Amino acid sequence: MSAPLRKIIHVDMDAFYASVEQRDDPRLRGRPLAVAWGGKRSVVLTASYEARPFGVRSAMPLYRALERCPDLVVVPPRFEAYREVSTQIRAVFARYSALVEPLSLDEAYLDVTEPLRGGPSATRIAQHVRAEVRAETGLSATAGVSVNKFLAKLASGMNKPDGLTVVLPQQVDALLASLPVSDFHGIGPATAARLAAQGIHTGADLRAVSPGALTAQFGKLGGHFWRIAHGQDDRPVEADRPHKSIGAEETYGDDLRGVDAVGARLPLLAGAVERRLSRAGLAGRVVVLKLKFSDRAVITRRVTLPVPVHAAPDLARAAAHLLTPQLLAERGVRLAGITAAGLCGVGEGVGQPGLFDPAPQD
């Protein structure tokens with residue numbers, strides 16, 4: 001481990017939106033539940049653990065979730081309720097650390113290298129935090145404890161729900177060597193497929209590739225992949241870091257050609273952005289379309305909307321408005337992305353845009 005050792009806790013509430021709904025309405029307890037806006041094009045924001053054996057997952061189109069689980073109960077999100085619970089949770093975090101970095105309404109990093117209370121053991125502090133969150137909100141939280149943010153987040157995903165996993169420095173090498181690259185936070189399905197095509201399936205495989213070779217193939221991300229394969233992450237926990245924008249992008253193994261081919265990928269990107277906005281309780285007034293071409297040129301276009309939006313269909317429609325044959329100029333698209341900016345709370349003027357009359361800007 002090259003970076004100074006810290007004591008980092010990653011706390012992630014279990015099926016947060018669904019758990020709040022089941023807590024507040026006893027009729028929903030024990031039933032497969034999805035929190036989603038209504039409509040055929042809606043996306044599941046959170047699925048209860050009762051729904052997950054049916055294959056229902058966050059970011060899944062609602063119609064597909066209903067196909068997999070006909071008895072699925074669907075309730076609309078109540079962001080005011082989620083924000084209220086989130087405030088309670090963050091108050092618990094603040095008792096133990098001055099360095100708390102919220103990632104969303106239900107997820108945060110705590111740096112307890114120098115804790116405010118609870119003693120020197122990060123594991124003990126994580127136990128206290130989980131117990132106090134349950135006592136004060138009636139909800140369960142899963143925590144991961146390790147020496148940096150990457151490892152703490154990895155640990156929190158290993159024993160859900162209602163779990164606590166500690167990754168000690170002496171355990172890092174063996175753990176990462178055996179882990180599929182698809183389980184590494186930050187390596188999505190498309191990137192995992194590209195790595196697999198090169199014979200890289202596990203952390204051990206990734207470690208065997210030189211940083212230079214990874215950088216040549218993946219750019220700056222290649223260096224990041226090499227570092228996380230070795231358990232290295234020197235990012236500090238940044239207290240009260242505000243969101244400036246929230247987005248998603250995907251790199252394609254084969255270049256996309258033509259408006260139709262690129263446009264077909266926008267709903268998937270918009271769904272990922274919707275999920276991230278919803279987890280943060282935010283919406284955006286500005287939608288940005290990013291394209292990277294086969295010659296490595298990158299362009300962005302943006303539109304400012306009459307009202308903030310957060311739903312995937314609205315985000316995709318705004319991005320599609322910016323996508324024109326003239327913009328592509330017959331070039332192959334290597335990467336596409338959608339970003340929401342001009343962020344505000346979901347309850348602050350959110351609605352269905354009545355028109356898209358943009359002044360596209362570079």
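In this predicted model, the axes of helix 3 (residues 79-96) and helix 4 (residues 122-137) come within 10 Å of each other and cross at roughly 150°, the axes being lines fitted to C-alpha atoms over the stretch in contact, with angles running from 0 to 180 degrees between N-to-C directions. That angle makes helix 3 roughly antiparallel to helix 4, a term that applies to angles over 145 degrees. Helices are DSSP runs (H or I, at least four residues), numbered from the N terminus. The crossing of helix 3 and helix 4 is right-handed, the near helix being turned clockwise from the far one by less than a right angle. On the side of helix 3, V85, Q88, I89, V92, F93, R95 and Y96 meet I125, H128, V129, E132, V133, E136 and T137 of helix 4, where contact means heavy atoms within 4.5 Å. By class, this contact has 8 nonpolar, 3 polar and 3 charged residues.

For helix 9 (residues 211-218) and helix 10 (residues 220-229), the axes come within 6 Å and cross at roughly 140°.

Residues are numbered from 1 along each chain as its sequence is written, and side-chain values use heavy atoms, without hydrogens and water. Local features need pLDDT of at least 70 and side-chain atom pairs count only at pLDDT 80 or more, whereas totals for chains, interfaces and linings use all residues.

Methods. Helix = DSSP H or I, 4+ residues; strand = E, 2+ residues; numbered from the N terminus. Parallel < 35°, antiparallel > 145°, perpendicular 65-115°, else oblique. Nonpolar A, V, L, I, M, F, W, Y, C, P; charged D, E, K, R; others polar.
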